[in-house]
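Dear colleague,

Please keep the structure open while you read.

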Amino acid sequence: MKSAVVQLPGLNRDRDMIAALTKISGKAPVTVWQTETEFPDDIDLIVIPGGFSYGDYLRCGAIAARMPIMQAIKEKADKGVKVLGVCNGFQILVEAGMLPGALMRNASLKFVCKEVKLEVVNAETDFTRAYEKGQIIRCPVAHHDGNYFADAETLASMEGNGQIVFRYAEGTNPNGSLNDIAGVMNSRGNVLGMMPHPENLIEAAHGGSDGRGLFASALDVVAAAA
Amino acid sequence: MIKARVTVTLKNGVLDPQGKAIEGALGSLGFSGVGHVRQGKVFDIELDSADKAKAEADLKAMCEKLLANTVIENYTIALD
């Protein structure tokens, strides 16, 4: 199993993501710069970490989503390679059209940096097998534009297809997201985007390890399939 | 040279928290009778071309590809 972390100017959670992937898989991910046009052939998981790519100019993730590396990510995703976007990574995936909907300014208009509760809505994905359906986990969030929007028809079809993977639970929706949506995947089930930062809750030093299951799922399934 | 103005606005039905905040601020500044306020973006773009039809086609492509997120936004193009 081999993972890759995408790097773009302005992303600042790449080191946290590299640390999480390294600690959980025992193997450091390769890093791939935005102007590159391909990934190693044997890559199983591509992660776009959080941050503020291109200063959040125009719209969060909008400029990053048009960089050369995104075409390579789309090609890998079309072949079934898993893609995870966290925070700005999620914004980039929706801007690139790889996930439905859009992420808008938080309803409070404030940057939120705190811990929320997440409900694992779909535990039968390659990213959530380590959890149980309905399980409530802790997870930090830190964003200004995490207010998930999709039109009613799209939303209904996503709900019906099990594409809603995480919801903010117990009244902790920090941004006004429709249906308390915190994380969604594509219809094929190999691209996941989420606003919360599971990579920041993986060990005792973080104050908990609720986020570990996500990486264990994404990396373990690959091992079993190999 | 052609000068163009592209205006990007939120689609109807998309919540606009910033517009709401501005609406509230206008009220608190004493401006009465202010209805809904929606915030948008304006891009002034200069094009090295004299061909208006090509400019319009290019601007449309720019809107679709980058300037607007058509999931939540509409755009209009005006040429000088």
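**The sheet of chain B**

L10(B) stands opposite E73(B), which belongs to strand β3(B); strands here are DSSP runs of E with at least two residues, helices are runs of H or I with at least four, and both are numbered from the N terminus. This is a predicted model, in which local features need pLDDT of at least 70 and side-chain atom pairs count only at pLDDT 80 or more, while totals for chains, interfaces and linings use all residues. Residues are numbered from 1 along each chain as its sequence is written, and chains are lettered from A and ligands numbered from 1 in the order in which they are written.

Strand β1 of chain B, residues 2–10, pairs with β3(B) in the antiparallel sense over seven bridges, where pairing requires that DSSP finds at least two bridges between two strands. In chain B, three strands form an open, antiparallel sheet in the order β2-β1-β3. Because β2 (40–47) and β3 (73–79) of chain B stand at the edges with a single partner strand each, one side of each is left without a neighbour in the sheet. Helix α2 of chain B, residues 52–67, packs on this sheet and touches β1, β2 and β3 of chain B, contact meaning that two C-beta atoms, placed from the backbone, lie within 7 Å.

**How the two chains are built**

Chain A has five helices and eleven strands, and chain B has two helices and three strands. For chain A, with 226 residues, a compact globule would have a radius of gyration near 17 Å, and the value of 16 Å agrees with this; the radius is taken over C-alpha atoms, and the globule rule is 2.2 Å times the number of residues to the power 0.38. For chain B, a compact globule of 80 residues would come near 12 Å, but the chain has 16 Å. The C-alpha atoms of chain B fill a box of roughly 45 × 25 × 15 Å along the principal axes.

Of the residues of chain A, 55% count as buried, whereas in chain B 14% do. A residue is buried if 20 or more other C-beta atoms lie within 10 Å of its own, exposed if 12 or fewer do, and partly exposed in between, with C-beta atoms placed from the backbone.

In soluble globular proteins, nonpolar side chains tend to be buried together. The largest nonpolar core has 74 residues, of which V6(A), V47(A), L93(A) and L118(A) touch the most other members; such a core is a set of buried Ala, Val, Leu, Ile, Met, Phe, Trp, Tyr and Cys residues joined through C-beta atoms within 7 Å. Helix α1 of chain A, residues 14–25, gives the most to this core, with five residues. Apart from it lies another core of seven residues, among them V8(B), A55(B), C63(B) and Y75(B).

V191(A), found in strand β11 of chain A, is buried because 23 other C-beta atoms lie within 10 Å. Not counting residues up to four places away in sequence, the residues that V191(A) touches include A77(A), L93(A) and M185(A).

**Where the chains meet**

Eight residues of chain B are in contact with eleven residues of chain A. Helix α1 of chain B, residues 17–28, gives the largest share of the chain B side, three residues.

With best wishes

Note on methods. Axes fitted to C-alpha atoms, helices over the stretch in contact; angles between N-to-C directions.
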